[in-house]
Structure formats: C-alpha cells, structure tokens
Amino acid sequence: MSADGKKLSTRLVHAARSADAFDGAVNPPIQRASTLLTEDVDKLYSGTKSLYGRMGLKSHQVLSDAMSELEGASYTQLASCGLNACALALAAAVEAGDHLIASDSVYGPTRRFCERRLKAMGVEASFFNPRDLEQLKSLIRPNTKAIFLEGPGSLTFELHDVEPIVELARQENIFTIFDNTWSAGVFFKPLDWGLTASVQALTKYVIGHSDGFGGAVMTNDRTFERRLFETASDWGISMSPDDVYLAQRGLRSLELRIREQGQKGIDLAHWLEKHPAVETVHHPALASHPDHEIWTRYYSGASGLFGFTLKPAEKPALKRFFDSLELFGFGFSWGGFESLMIPCDPQLKRSESPDWKSRDRGALIRVSVGLESIDDLKADLRQAFDRMAS
C-alpha cells in the first residue's frame, strides 16, 4: 500500500496518466518519432526537452514513471528487452578490471553475457550456489563491484535470503542487482529490502500478451542512476514506441492477471505434487519447497511460473506426454495469457549447484500457467500422463 493509502491495483490503473499531455486520452497513444524539432536554435544544446526519439517521448516517460510507482523507485531506465535490461544493469555496475558475482540460477542469456561479453570487456564473473551464503562470502574480492541475483531462478526456482546478502554487499560497497521478473514487482519489492537495482523483463507479465518486448531497470541509488543513464546513452539503449504502448497498457491489468495466474499455478502445483508420475514440484509457495520459509518472509504472493521433475522415464514415453498436450504450448517465454511448457534439461547449466549436476533424475519441466480454466489444464495434463504411461 502506498503512503496515501491506495492499493496497488488502483495505483497501477492511474500511475503517470495525464489527460492534458495526450489531449484527454485515457491510454497514452503510440508516439513514433526520431527527430523532434525546436523553434529556438539555442535550445538544441541547452534545453531540457528531449530532441531525439531514442532518448524517449512522452509515452516513454509515462511507462518509466509507472514502473517507478510499481517498484518504489526514484528512477527507471527502459530497455529493448529483458536481456538488454540485465546487460545494462551489469554494465553500469562494472568496468574493465572488475569482478562480479552472480547466482548459479540466473537466466541463461544473462549468464552468457557475464561469461562471454563481459569477459571480452575485461570483467571476470564468478557464480555461487544460490542457497550457499558462505560460498558467496568466499568469492568476494577487493575488486568485486556487483552481485547479481534472480528470485526465483527461472528454471530451478531457488530463492535467495536477501537480507544478509544486502548487508554483506553494503559492508563491502558492492552494488546488488535483482532480476525481479518472476514477481513482476507485485509480490516482491527489491528496493524496499535495500538492493541497489531491480530488473524486469517487461516482455513477460507486464506486457502480458506475448506480443511485445521490453525491459526496465529501477533504482533509488543516485550513483547507480547516473551510471545507468550514461551507459544507456553510450550504448544507444531504448525501447520502441510500439512496445512502450503495449507495456503501459498491460501494466494497468498486471496485478489482476498475475494474481489469477499465480493462484492457478499454486493449485496446479499441489495437483502435480500428488501425481504418481511426478518426483518433485519446484514451487516456492509449496511447504515442500526448500526455500518456502524464505518465500513466506519476502513475498506476498506467487506468479504462475514453476517447475517439476518427472520420475525417470524413457524417451518414447516423454515424447507421448508432450505430443498429447493440447492446451500447453511449447515456447521460450512466460507471463502471457496462454499456458506454456518446456523441457529444461537441454539448456540447464549449473556449475555450483550439486543438486542439478546429477543426470539420474527424471526430466525437468517448466510450466507457465495462463488464464485458462484450471480444471481444463488439469484434464489436459491428466490425459497426457495417461498417454505417457500407456
């Protein structure tokens, strides 16, 4: 709840709306422009108004202000996609000769950016088991400048105990960056817990309809704000006007959608936990999850994304399972209105998490629960499991 007592759903509907700025339009329209003219030549270099579309238009400012409202931030920098936002936040925190530490469970492309692109820029990255605070402590060096976290890991769903990490980073003068896409800023507020920056892939729950790309980095740290702005300016990072429109439109219904999908996700996770073909369900809202206590302490709810591990099965049986599904699509995203499912093992890379190194377990599967009837989703899975066992 905000300082004026208004609930989040109300604030998201009204955040940054300006009837005067858009001739009375409730929804800020799409604004497409590269060159912006000024009638006073002296203001080309000294004015406060943006005079180039890449630097942002009024509709960009509406989205930035609304994201700041959502995450409790003083500054938001938009980016073209989630990976772009993660890369921007990391690049703003480090420079050649620096060292960063990232959770072993981070989004695969973020890990790749650390291992490949930042390495080429003279930055070294180390990874730690997300459940091992002592290992994190042991990795800190005099030149460590950033710790990158993701909660939960978007394939294996570990959570971080944030408070001791933030305190450790504060003592060592280290930036802390948190990928908050899973909660979409609705169920967890990284900045309220003292983290330097919160990152979101707006592509997921904020846009919410699987038809646009966007990213955002939010902060209350003035030093980090300046570094974000300068890095985005130097790299030419921006967000397209069409995607800005989709994001600010999706933001208005974000809380309603993510709560509905989250409740269905918890329901489906409980159902899967009881199915004889399932070995383990990886959902932090379940009491059986190793990090459930952390989830209850930091999170006010759950999104619709979680995973489960099947009991070992032969490849033909797995093929029958996937081929039988009707309502779950196969695709590399989540947070949209439709339910999705992917097998995770082909992309799973965990160097510091012993629980995931074993190949004796069954297939790891990720589910993004959409807005379909939960009864229909269960029925679809039930018949697919039956086919797998036949």
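A salt bridge here is a side-chain nitrogen of Lys or Arg within 4 Å of a carboxyl oxygen of Asp or Glu. In this predicted model, a search of the whole structure turns up 18 salt bridges. Let's look at three of them, and then at a helix that takes part in one.

| Salt bridge | N to O distance |
|---|---|
| Arg-141 and Glu-124 | 2.9 Å |
| Glu-167 and Arg-170 | 3.0 Å |
| Lys-378 and Asp-267 | 2.8 Å |

Arg-141 and Glu-124 form a salt bridge that links distant parts of the chain: Arg-141 sits in the loop between α6 (133-139) and β4 (144-150), and Glu-124 in strand β3, 17 residues apart. Arg-141 is partly exposed at 32% relative accessibility, and Glu-124 is partly exposed at 42%.

The pair Glu-167 and Arg-170 stays inside helix α7, where 3 residues, about one helical turn, separate the two. Glu-167 is partly exposed at 36%, while Arg-170 is exposed at 53%.

Lys-378 and Asp-267 also meet in a salt bridge. Lys-378 belongs to helix α13 and Asp-267 to helix α10, so the pair ties together parts 111 residues apart in sequence. Lys-378 counts as buried at 14% relative accessibility, and Asp-267 as partly exposed at 31%.

Now to α13 itself. This helix has 16 residues (374-389) and spans 23 Å from its first C-alpha to its last, close to the 22 Å expected. Its buried residues include Ile-374, Leu-377, Leu-381 and Phe-385. Among the elements covering them are α10, β8 and α12. At the start of α13, a side-chain oxygen of Ser-373 comes within 3.2 Å of the backbone nitrogen of Asp-375.

Methods:
Residues numbered from 1 in each chain as written. Predicted model: local features only at pLDDT ≥ 70, side-chain atom pairs only at ≥ 80, totals over all residues. Heavy atoms only, no water. Helix = DSSP H or I, 4+ residues; strand = E, 2+ residues; numbered from the N terminus. Expected span 1.5 Å × (residues − 1). Buried < 20%, exposed > 50% of the residue type's maximum accessible area, 1.4 Å probe, protein only. Contact = heavy atoms within 4.5 Å. Polar contact = N/O pair within 3.5 Å; in protein donor to acceptor, adjacent residues only side chain to side chain.
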